[in-house]
Amino acid sequence: MVGKGTTIKEALAKWFVFLCVQEEKTGEKCSEATVVKLICQIPPIEKLDSTLAKIPNCEKLCLSTNCIDKITNLGELKNLKILSLGRNNIKAFTGLDAVGDTLEELWISYNLIEKMKGVHLMKKLRILYMSNNLVKDWGEFSKLADLPCLEDLVFVGNPLEEKAEASWSIEAPKRVPRLKKLDGHPVIKRAEDEDGG
């Protein structure tokens, strides 16, 4: 028999207890926390609920290594800049529009994302770590060009990257020309790329 997953409310309660014990040392009030870590909960978090509204000052939210399958209830996180959702069961970027005007970094590796629909709504996204997902065609990958600030991308382990092999490091920056870093390596612009021919 499989047990019930940890709710956001339960995870936050445990985290607040820990943080409040630390409050005397750091001086930061747990109700005003800017970094919230709900990583690897036992049992794992399965869904994001409205309790996230209790951390409105959060700038970095870490939810990696849980069993979350949908991104929801981020609307009250008006200051969120970094969202870590690696090692979950997320299938789509749906739900990120609520933080599209503030999110600068998204860590979403080791999930089940195949389509890039909705990625364009993240207007300030500079860093996207989405290795080991399920993106398999250039048409989906090319949607990343709609991100005006994207400069650092980790995409290794997606079927598209594995299929492209040697041509990957040349073709990917052509399709997302603002990239400065790809899979941990600086993007080297060749003279003919810069000249347009």
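Predicted model: local features only at pLDDT ≥ 70, side-chain atom pairs only at ≥ 80, totals over all residues.
Residues are numbered from 1 along each chain as its sequence is written, and side-chain values use heavy atoms, with hydrogens and water left out.

So, Phe 141. With 0% relative accessibility, Phe 141 counts as buried. Who are its partners?

A pair of aromatic rings is described by how far apart the centres are and by the angle of the planes. Here, rings of Phe, Tyr and Trp (its six-membered ring) pair if their centres lie within 6.5 Å; planes under 30 degrees apart are called stacked, over 60 edge-to-face, and the rest tilted. Searching the whole structure gives six aromatic pairs. In one of them, Trp 138 and Phe 141 have ring centres 5.4 Å apart and planes at 90°, so we call the pair edge-to-face. Both residues sit in helix H2 (residues 138–141), three residues apart, which is about one turn of the helix. Helices (H or I, at least four residues) and strands (E, at least two) are DSSP runs, numbered from the N terminus.

Phe 141 also pairs with Phe 155: the centres are 5.0 Å apart and the planes at 80°, so this pair is edge-to-face. Phe 155 lies in the loop between strand E6 (152–154) and helix H3 (159–164), while Phe 141 is in helix H2, so the pair ties together parts 14 residues apart in sequence. Is Phe 155 buried or exposed? At 0% relative accessibility, Phe 155 counts as buried. Put together, Trp 138, Phe 141, Phe 155 and Trp 168 form one aromatic cluster.

Now for Lys 136, in the loop between strand E5 (127–129) and H2. Its relative accessibility is 43%, so Lys 136 counts as partly exposed. Which residues does Lys 136 touch, not counting those up to four places away in sequence? With contact meaning heavy atoms within 4.5 Å, Lys 136 touches Glu 114, Pro 159, Leu 160 and Lys 163.

One last stop: Arg 87 lies over the face of Tyr 110, 3.9 Å from the ring centre. A charge sits over a ring if NZ of Lys or CZ of Arg is within 6 Å of the ring centre and within 35 degrees of the ring normal. Thanks, everyone!

Note on methods: Buried < 20%, exposed > 50% of the residue type's maximum accessible area, 1.4 Å probe, protein only.
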